[in-house]
Amino acid sequence: MKIHINAGHGGKDPGACGNGLQEKNITLSVTLLLGEELKKYGFEISYTRTTDTYIDPLNIAQKANGDGSDLFISIHTNAATSISANGIETLCYSLSGEESKIAQCVQSELITATGFTDRGVKERSDLVVLNSTSMPAMLIELGFITSKSDSIMIAKSNFQQRCAQAISKAIGEYYGNSKVKEDYEMREKTEIPQWQTDGLRNLVKSGIIADEAYWSNKMDKSVTVGEVLGLIGKLVK
Ligand SMILES: [Zn+2]
């Protein structure tokens, strides 16, 4: 199975800019990480670009069509004039096609992994990369570059890695890849260092994080990486 990954924007087109970041750099970085993650599950990967170059939307779609790709993923970050707009959303051509089922899996996995606001899956039949590609296609907006709290996370390479892992997990599961479940059960168990949960416990105790009883209880049982990131997100907002 072949997957074409498009890093949004590039070259003369920086995409959205905010908080010292340029969208084209974030999208390229996440795209390359995502490609590596998907390769681990045996998917064959092609890229629209692996360097800082501009390719227009119709050529992007034609590249994916020409590759004989079975799935198309375009990586973006969002922007708004209001700095309070935040969260992750996934766009697809139609909410009734197969693409929306895959997009839904990707969206919910990203929300679990990041704790970001869930803006849902949205229909965008007007976007060239979605309406001119001949395979299921989605465009993922990994948070708002114009939001302080989103952009702090988006800039971090471990956050980008986590997004790449969440997307590949969703796709692997959707296509019934058996290696995915094992990998992720292991990862959730081992990924949070003790000092992080201890630090969070102290923040909860001191009242900096609200809902003390809820979080103390959670941290005694099993807190996921997504929940930890969600808490950190609340702190920087
Ligand atoms: Zn974009």
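In this predicted model, the side chains of Ser46 and His4 form a polar contact at 2.9 Å. Ser46 belongs to strand 4, which spans residues 44-47. With a relative accessibility of 19%, Ser46 counts as buried, because the limit for that class is under 20%. Leaving aside residues up to four places away in sequence, Ser46 touches Ile3, His4, Ile5, Asp67 and Ser69.

Ser149 is part of helix 5, residues 148-154. Its relative accessible area is 8%, and Ser149 is therefore buried. The side chain of Ser149 makes a polar contact with the side chain of Ser147, at 3.3 Å.

**The zinc site**

The zinc ion is coordinated at 2.1 Å by His9 through NE2, Glu23 through OE and His76 through ND1. Along the sequence, these donor residues follow the spacing H-x13-E-x52-H. His9 is located in the loop between strand 1 (2-7) and strand 2 (17-18), whereas Glu23 is in helix 1 (residues 23-40), so this pair ties together parts that are 14 residues apart in sequence. Glu23 counts as buried, at 3% relative accessibility. His9 is partly exposed, its relative accessible area being 25%.

The accessibility values of the individual residues discussed in this report are collected below.

| Residue | Relative accessible area | Class |
|---|---|---|
| Ser46 | 19% | buried |
| Ser149 | 8% | buried |
| His9 | 25% | partly exposed |
| Glu23 | 3% | buried |
| Met135 | 9% | buried |

**The nonpolar cores**

The largest nonpolar core contains 40 residues, and within this core Ile73 and Ile171 touch the most other members. The element that gives the most to this core is helix 6 (residues 157-174), which supplies seven residues. Ile171 touches Ile3, Leu38, Phe43, Leu71, Ile73, Ile102 and Val106, when residues up to four places away in sequence are not counted.

Another core, of nine residues, lies apart from the largest one; Val129, Met135, Ala137 and Leu139 are among its members. Met135 is found in the loop between helix 4 (128-131) and strand 8 (137-144). This methionine is buried, with a relative accessible area of 9%. Beyond the residues up to four places away in sequence, Met135 touches Ala64, Asn65, Ser69, Asp70, Leu71 and Phe72. Met135 and Glu99 are separated by 36 residues in sequence, and their C-alpha atoms are 8.4 Å apart in space.

**Helix 8**

Helix 8 (residues 194-205) consists of 12 residues and reaches 16 Å from its first C-alpha to its last, close to the 16 Å expected at 1.5 Å a residue. The buried residues of helix 8 are Thr197, Leu200 and Val204. Because they cover an arc of only 60° around the axis, these residues are on the same side of helix 8. The face turned away from this buried side carries the exposed residues Gln194, Trp195 and Lys205. Just after helix 8, Gly207 takes a positive phi of about 85°.

Methods
Residues numbered from 1 in each chain as written. Predicted model: local features only at pLDDT ≥ 70, side-chain atom pairs only at ≥ 80, totals over all residues. Heavy atoms only, no water. Helix = DSSP H or I, 4+ residues; strand = E, 2+ residues; numbered from the N terminus. Buried < 20%, exposed > 50% of the residue type's maximum accessible area, 1.4 Å probe, protein only. Polar contact = N/O pair within 3.5 Å; in protein donor to acceptor, adjacent residues only side chain to side chain. Contact = heavy atoms within 4.5 Å. Expected span 1.5 Å × (residues − 1). Arc of directions from axis to C-beta. Donors = N, O, S within 2.8 Å, 3.2 Å for Na, K, Ca; no water. Core = buried A, V, L, I, M, F, W, Y, C linked by side-chain atoms within 4.5 Å.
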